[in-house]
Amino acid sequence: MAFLVFSCPSCWTGQEQDVRRIIQALNECLAALPRQQLRKVCSIGVSGQMHGVMFWKTGQGCEWTEGGAAPVFEPRAVSQLVTWQDGRCSSKFLASLPQPESHLSVATGFGCATIFWLLKNSPESLKSYDVAGTIHDYVVAMLCGLTRPLMSDQNAASWGYFNTRRQSWNLEILRAAGFPVHLLPDIAEPGSVAGRTSRAWFEIPKGTPVGVALGDLQASVYSCMAQRTDAVLNISTSVQLVASMPSGFQPAQTPDPTAPVAYFPYFDRTYLAVAASLNGGNVLATFVRMLVQWMADLGLEVEESTVYSCMIQAAAQQRDTCLTITPTVLGERHLPDQLASVTRISSSDLSLGHVTRALCRGIIQNLHSMLPFQQLREWGVERVIGSGSALSRNEVLKQEVQRAFPFPVSYGQDVDAAVGAALVMLQRNFNQQES
Ligand SMILES: Nc1ncnc2c1ncn2[C@@H]1O[C@H](COP(=O)(O)OP(=O)(O)O)[C@@H](O)[C@H]1O
Ligand SMILES: O=C(CO)[C@@H](O)[C@H](O)[C@H](O)[C@H](O)COP(=O)(O)O
């Protein structure tokens, strides 16, 4: 078994997750589903958080165990998952990387940037592995027993150094920079089948088709964008505002690291215009944790859930405020070094209601500064579909959305990446399975 081991300079903030625990959570989810239903599964759609990267060793990525109630796979020679929230690549480090031949620029947390960082700071750790992928590419590879992982262009683009027009990695540029290109997965069409389950998985029969893993953003959009005139606004940990570009649209071929809107590949060579803000529900969560800590420092104990409900209630009473909060505590990919600020502070606007109202407004205003909502109208958007737990649980955030958007906002029932991944398999592979 091998792990990535880093000596950590104090200036970067790594964000890693334990692959074993993720797969354990997946197993628990599967175990909770009715066995009868699992027996009837006719195909498996997979999606997951984009940008992140993990490594494993060919042929040793997992072990299947038949013990217990059902056959499951357990990770073996795998690294940690370095997530999309990873902050180890400073602006200076990113500026030292070669210019990609892609319409998308590279930010911290993107797979190829992380690999470049490891190459420079921990080259030994890479030697233990010979393949890499997103966590969802790993799951597909393990289920199907693939020796080399397959990756959809949706996830490849999220790593950087991928040319969506040519559907290929920037191999020459990467090779010239000493990048270990053998780690890069092979590319497959999103919506296609990656393989079939090499064994029974829980009650799901051996030989069940498994789709190439999709990006969670594209899968969520697929679950709810009924018309091209719909935009999707998701606010959970982070925020994404998404509109679909007309077929035939091609983004400019050079990356612009200062552009707040990126064009992500969708299906059938079409693109989604995406304003992906790193500052969403996590801003409120940071505020809540700060209050809980202040209370603890003052000798008082309070539950986070109590703080959420009190602050939302207080802000619901406080319909307006002059207090202005730019809530970018995490910076943004296009402005990594611009952090949060509070302005127009007057002694009359310091209540919990004022601050929470200003925080919620600030999250929406920050999104508006990235993708002005009038632009959506120019793209033909007529309606916004709202989703995400931070939005659905927060009446004040909903009010601020309604206030800022010049469109009706409706809240979808099944706006969910898992639903989208299942629909893709059902709708796009139906003919394939019938023949
Ligand atoms: N009790 C609560 N009431 C209202 N909002 C909450 C509450 N708990 C968490 N949230 C908000 O929901 C956001 C998303 O939480 P969570 O569902 O855990 O993340 P994700 O959907 O990204 O996996 C948090 O960042 C926070 O802003
Ligand atoms: O970062 C982007 C888009 O660039 C995301 O779609 C990415 O895949 C991540 O999953 C999301 O940002 C995280 O989603 P959530 O936890 O905010 O729901």
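A residue counts as near a molecule or strand if one of its heavy atoms lies within 4 Å of it. With that in hand, let us start at the ligand. The model is predicted, so local features need pLDDT of at least 70 and side-chain atom pairs count only at pLDDT 80 or more, while totals for chains, interfaces and linings use all residues. Residues are numbered from 1 along each chain as its sequence is written, chains are lettered from A and ligands numbered from 1 in the order in which they are written, and side-chain values use heavy atoms, without hydrogens and water.

Around ligand 1 you will find S236, T237, G281, N282, L284, A285, Y308, I312, S389, A390 and R393. By class, this shell has five nonpolar, five polar and one charged residues; here Ala, Val, Leu, Ile, Met, Phe, Trp, Tyr, Cys and Pro count as nonpolar, Asp, Glu, Lys and Arg as charged, and the others, Gly among them, as polar. Helices are DSSP runs of H or I with at least four residues, strands are runs of E with at least two, and both are numbered from the N terminus. At least two shell residues come from each of α10 (281-297), α11 (304-317) and α14 (389-392), and α10 gives the largest share, four residues.

Now zoom in on the oxygen atoms of ligand 1. One is 2.4 Å from a side-chain N or O atom of T237, and an oxygen also lies 2.7 Å from a backbone N or O atom of G281. For N282, a polar backbone atom is 3.5 Å from a ligand oxygen. Of the 570 Å² of accessible area that ligand 1 has on its own, the protein covers 66% (Shrake-Rupley method, 1.4 Å probe).

Next, the aromatic rings. The structure holds 15 aromatic pairs, meaning rings of Phe, Tyr and Trp (its six-membered ring) with centres within 6.5 Å; planes under 30 degrees apart are stacked, over 60 edge-to-face and the rest tilted. W159 and W169 have ring centres 5.9 Å apart and planes at 45°, so this pair is tilted. Because W159 lies in helix α7 (residues 153-159) and W169 in strand β10 (residues 168-169), the pair ties together parts that are 10 residues apart in sequence. W169 also pairs edge-to-face with F162, at 5.3 Å centre to centre and 75° between the planes. Elsewhere, ring pairs link W56, W64, F73, Y138, W201 and F202 into a cluster.

Terms used:
Polar contact = N/O pair within 3.5 Å; in protein donor to acceptor, adjacent residues only side chain to side chain.
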